[in-house]
Amino acid sequence: DHRDLHRLIRRQRQMCIRDSSLTAYDFSADYLREAAKRARKMKVNLRTVRGDMRKLKFKNEFSAVINLFTSFGYFTKISEDLKVLNGINKALKKGGLLLMDLLNADFVLKSFHPKNWLFTEKKWLLEERKLFRDGIISTWILISKRGQARKKTFFIRLYNRAKLGLMLKKAGFRPLRFWGDFRGSHLSPRSNRLIVLAQKIK
């Protein structure tokens, strides 16, 4: 039911306003600075921690973990993805919740495009993709109005419902619900997002 996802999102927003123990974790110092800046504007008390998500040090600390906008699956070995999920499990309190948002592999495989142009933040972005059995190697070329170009290449592992569900179970989670977008639509091969709510069970 789409109402379940809407209620969950509202609850997380309310938690952001009143909870004094929010933590933003990322490897990028730039992203953490932006998160801190936005938190100050919203008058939210936010702790920022920079680190490698494969080496989480938290233990039984959080009631919920939120991982959005395909922030999972960037490592070349699937064992490293499992290490991330195991770390999240240890960081959660008993019965804690994990909300994840990823690209839906079934959608990507049906609608793959090797190149895509986007205009963002006064820059052109050319994305070149190569599709492999386990994922995509994506190269971003950012071109400024002055013609200066920056290039970044990274790997994204693709997950569908079955593959992600199996990984979550291996890491001690029980998948509760799956959705195809943030409107709470039913997950199908036509859904470009794969959103899952899972609960720590061990």
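Helices (H or I, at least four residues) and strands (E, at least two) are DSSP runs, numbered from the N terminus. This is a predicted model, in which local features need pLDDT of at least 70, side-chain atom pairs count only at pLDDT 80 or more, and totals for chains, interfaces and linings use all residues. Residues are numbered from 1 along each chain as its sequence is written, and side-chain values use heavy atoms, with hydrogens and water left out.

View 1. Leu164, Gly165, Met167 and Leu168 are the buried residues of α5 (residues 161-170); buried means under 20% relative accessible area, exposed over 50% and partly exposed in between (1.4 Å probe, protein chains only). These four lie on the same side of α5 because they cover an arc of only 160 degrees around the axis, the arc being that of the directions from the helix axis to the C-beta atoms. Ala162, Lys169 and Lys170, on the other side of α5, are exposed. The cover over the buried residues includes α3 (78-91), β4 (92-103), β9 (173-179) and β10 (193-200), where contact means heavy atoms within 4.5 Å. Gly172, which follows α5, has a positive phi, near 90 degrees.

View 2. Four strands form an open sheet in the order β3-β4-β10-β9, with mixed pairing; two strands pair if DSSP finds at least two bridges between them. β3 and β9 are the edge strands, each pairing on one side only. From one strand to the next, the twist averages 15 degrees. The antiparallel strands β9 and β10 are joined by 6 bridges, and Arg177 has Leu197 in β10 as its bridge partner. α3 lies across β3, β4, β9 and β10 and runs at about 145 degrees to β4. α5 lies across β4, β9 and β10, at about 155 degrees to β9. Axes are lines fitted to C-alpha atoms, for helices over the stretch in contact, and angles run from 0 to 180 degrees between N-to-C directions.

**View 3. The Phe69 and Phe182 pair.** The structure holds 8 aromatic pairs. Rings of Phe, Tyr and Trp (its six-membered ring) pair if their centres lie within 6.5 Å; planes under 30 degrees apart count as stacked, over 60 as edge-to-face and the rest as tilted. The Phe69 and Phe182 pair is tilted, because the ring centres are 6.5 Å apart and the planes are at 55 degrees. Phe69 is in the loop between β3 (62-67) and α3, and Phe182, 113 residues apart, in the loop between β9 and β10.
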